[in-house]
Amino acid sequence: MNVQVSRRGLLKGAGAGLAGGSLGALGFGGLQPAMAAAVRPFKLAQMRETRNTCPYCSVACGVILYSLGDRSKNARSSVMHIEGDPDHPVNRGTLCPKGSALLDFVHAETRTKYPLYRAPGTSEFKRVSWDFALDRIATLLKEDRDKNFKAKNEELTVNRWTTTGFLGASATTNETAWLTYKTVRSMGALVFDNQARV
């Protein structure tokens, strides 16, 4: 299909498009955001708001989780909606595609919600208590450190432990990251990385 456009018609169309775009850029086209802002409070009025950090990457974007349920004795809260936190200085309300899909992550049936333990020689995992899991981890770390810690390298003091590695989380505060780093390094561990690099 051939459309004949004169030079004058082309200039008129381009001028009209430029004028419309300029009006939108100057804030005269804000009807849809105003409508969304008017509807939003009603949609989330009965929900409980909780601020948190996105667990995915090292950016540590702020999110707001909206849950239903008054947290009474017989009622379980359930997260119904997740969005970016507009007051958070990192992301200012925006989320990447992974962060936008956080609701699926929260409600995933395959998500691990409690500690699991597979005894040596078995193929099945069994559910254990947090006390058991933390005691087991501490015992294994102590045994390995006692066996492999190297205080001196000939006459030089080195204080190193290279047989166990640690992986820190990147979606934490600076204070938590500092404390994790100091704890791991105080044990002499050299193999320490952060999820931000993975």
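This is a predicted model: local features need pLDDT of at least 70, side-chain atom pairs count only at pLDDT 80 or more; totals for chains, interfaces and linings use all residues.
**View 1. The open sheet of 3 strands.** The strands line up in the order S1-S2-S3, and the pairing is antiparallel. S1 (48-53) and S3 (78-84) sit at the edges with a single partner strand each, so one side of each has no neighbour in the sheet. Ignoring direction, neighbouring strands here are turned by 30° against each other on average. As for what holds such an arrangement together, strands of a sheet pair through backbone hydrogen bonds, either parallel or antiparallel.

**View 2. Zooming in on S2 and S3.** Strand S2 takes in residues 62-68 and pairs with S3 in the antiparallel sense, over 6 bridges. For a handy landmark, look for isoleucine 64, which stands opposite glutamate 83 in S3.

**View 3. A nonpolar patch on the surface.** Three residues make up this one: Val3, Val5 and Leu10, with about 310 Å² of accessible area together. Valine 5 belongs to the segment before helix H1, the helix that runs over 7-25. Is valine 5 buried or exposed? Exposed, because its relative accessibility is 54% and the cut-off for that label is over 50%.

Conventions: Residues are numbered from 1 along each chain as its sequence is written. Side-chain values use heavy atoms; hydrogens and water are left out. Two strands pair if DSSP finds at least two bridges between them. Helices (H or I, at least four residues) and strands (E, at least two) are DSSP runs, numbered from the N terminus. Axes are lines fitted to C-alpha atoms, for helices over the stretch in contact, and angles run from 0 to 180 degrees between N-to-C directions. Patches are made of residues with over 30% relative accessible area and no salt bridge: like charges are joined within 9 Å, nonpolar side chains (Val, Leu, Ile, Met, Phe, Trp, Tyr) within 5 Å. Accessible areas come from the Shrake-Rupley method with a 1.4 Å probe; for residues, only the protein chains shown count as cover. A salt bridge is a side-chain nitrogen of Lys or Arg within 4 Å of a carboxyl oxygen of Asp or Glu. Buried means under 20% relative accessible area, exposed over 50%, partly exposed in between (1.4 Å probe, protein chains only).
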